[in-house]
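Here are my notes for a colleague opening this entry for the first time. Please keep the structure in view while you read.

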Amino acid sequence: MENKRNGQRNRLSLFGTVKAMVMAAMLTAMSVVIGIFCKSFLNFGGGLFRITFENLPILVSGIMFGPIVGGVVGAATDIISYFLSGQAYPINLIVTLGATAIGVISGLFSKYVFRKKGYLRIILPSAIAHIIGSMIIKPIGLFTFYSWAVLWRVPLYLVIAPLEITLICLMYKNSTVRKLIDGGF
């Protein structure tokens, strides 16, 4: 009877296992640290031209764990980054929605559309997530601060997105990472 209750509890939890929850927390922390580093050292034009790879752990979380955990990691990353960065303006929920969308979309497409193991399961979901989250939703949220200058983010992400996808593919060559991404949890 006790095992049945534990099994039900695991199925009802968001992350499934403690191991998955810890991995999602680590990916969130990695994304926050990458974001703060990039905001500090790779920030040009008052935040408009920021070279960042903070979406890489969000993409990995979506690919590894699916859309729900990917979305939670994206939202948590954006909210934690906001509070740690000490920004003067209020949190922009549309930008948070963009970060959430990156995790959700990469998870949806890798788990339900491109389910076959391999590089295609990484490349296409990540590209679609970047197009929708980084090039459409986030610029809409940033429009209130930067007006039409925000359109420069689109060509910037035409460079950043392939770099992040390449980094994930390079990590995928490692057998341990491949096992994790292909469902070793």
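This is a predicted model: local features need pLDDT of at least 70, side-chain atom pairs count only at pLDDT 80 or more; totals for chains, interfaces and linings use all residues.

The points below go from the overall fold to the core, the rings and the pocket.

1. The protein has 8 helices and 2 strands. Along the sequence, the elements run α-α-β-β-α-α-α-α-α-α.

2. **Burial and contact range.** The protein has 185 residues, and 43% of them count as buried. Take the contacts between residues at least 6 apart in sequence: 70% of these join residues at least 24 apart.

3. **The core.** The largest nonpolar core holds 25 residues. Those with the most contacts inside it are Met23, Val60, Met64, Phe65, Ile122, Ile168 and Ile181. Seven helices each supply at least two of the core residues: α2 (18-41), α3 (55-65), α4 (67-85), α5 (93-113), α6 (120-146), α7 (153-172) and α8 (175-181). Which helix gives the largest share? It is α3, with 7 residues.

4. Start with isoleucine 168. Beyond its neighbours within four places in sequence, Ile168 touches Leu56, Leu59, Val60, Ile122, Ser126 and Ile181. Now turn to methionine 64, which is found in helix α3. Methionine 64 counts as buried because its relative accessible area is 8%, and the cut-off for burial is under 20%. Methionine 64 and arginine 178 are 114 residues apart in sequence, yet their C-alpha atoms are 9.9 Å apart in space.

5. **Arginine over a ring.** Arginine 178 also deserves a look for its side chain. Arginine 178 lies over the face of tyrosine 172. The distance from the ring centre is 4.7 Å.

6. **Aromatic pairs.** How many aromatic pairs does the structure hold? There are 4. One of them joins tyrosine 82 and phenylalanine 83, with an edge-to-face arrangement. Their centres are 5.2 Å apart, and the planes make an angle of 70°. Are these two residues buried or exposed? Tyrosine 82 is buried, at 16% relative accessibility. Phenylalanine 83 is exposed, at 61%. Another pair, phenylalanine 109 with phenylalanine 114, is stacked.

7. **A buried threonine.** Threonine 96 sits in helix α5. Its relative accessible area is 7%, so threonine 96 is buried. What does threonine 96 contact, leaving aside neighbours within four places in sequence? The partners are Ala75, Asp78, Ile79 and Ile91.

8. The largest pocket has a volume of about 540 Å³. It is lined by 28 residues. Closest to the pocket centre are Lys39, Arg50, Gln87, Tyr89 and Leu142. Helices α2, α3, α4, α5 and α6 each supply at least two residues of the lining. Helix α4 gives the most, with 7 residues.

9. **Where to look again.** The largest share of the core comes from α3, whereas α4 gives the most to the pocket lining. Helix α4 also supplies at least two residues of the core, and α3 supplies at least two residues of the pocket lining.

Definitions and conventions:
Residues are numbered from 1 along each chain as its sequence is written. Side-chain values use heavy atoms; hydrogens and water are left out. A nonpolar core is a set of buried Ala, Val, Leu, Ile, Met, Phe, Trp, Tyr and Cys residues joined through side-chain atoms within 4.5 Å. Buried means under 20% relative accessible area, exposed over 50%, partly exposed in between (1.4 Å probe, protein chains only). Helices (H or I, at least four residues) and strands (E, at least two) are DSSP runs, numbered from the N terminus. Contact means heavy atoms within 4.5 Å. Rings of Phe, Tyr and Trp (its six-membered ring) pair if their centres lie within 6.5 Å; planes under 30 degrees apart count as stacked, over 60 as edge-to-face and the rest as tilted. A charge sits over a ring if NZ of Lys or CZ of Arg is within 6 Å of the ring centre and within 35 degrees of the ring normal. On a 1 Å grid over the protein atoms alone, a cavity is a set of points where a 1.4 Å probe fits but cannot get out, and a pocket is an open set with protein on both sides within 12 Å along at least five of seven lines; lining residues have an atom within 4 Å of a point. Grid points are joined across faces, edges and corners, and a volume is the space filled by probe spheres set on the points.
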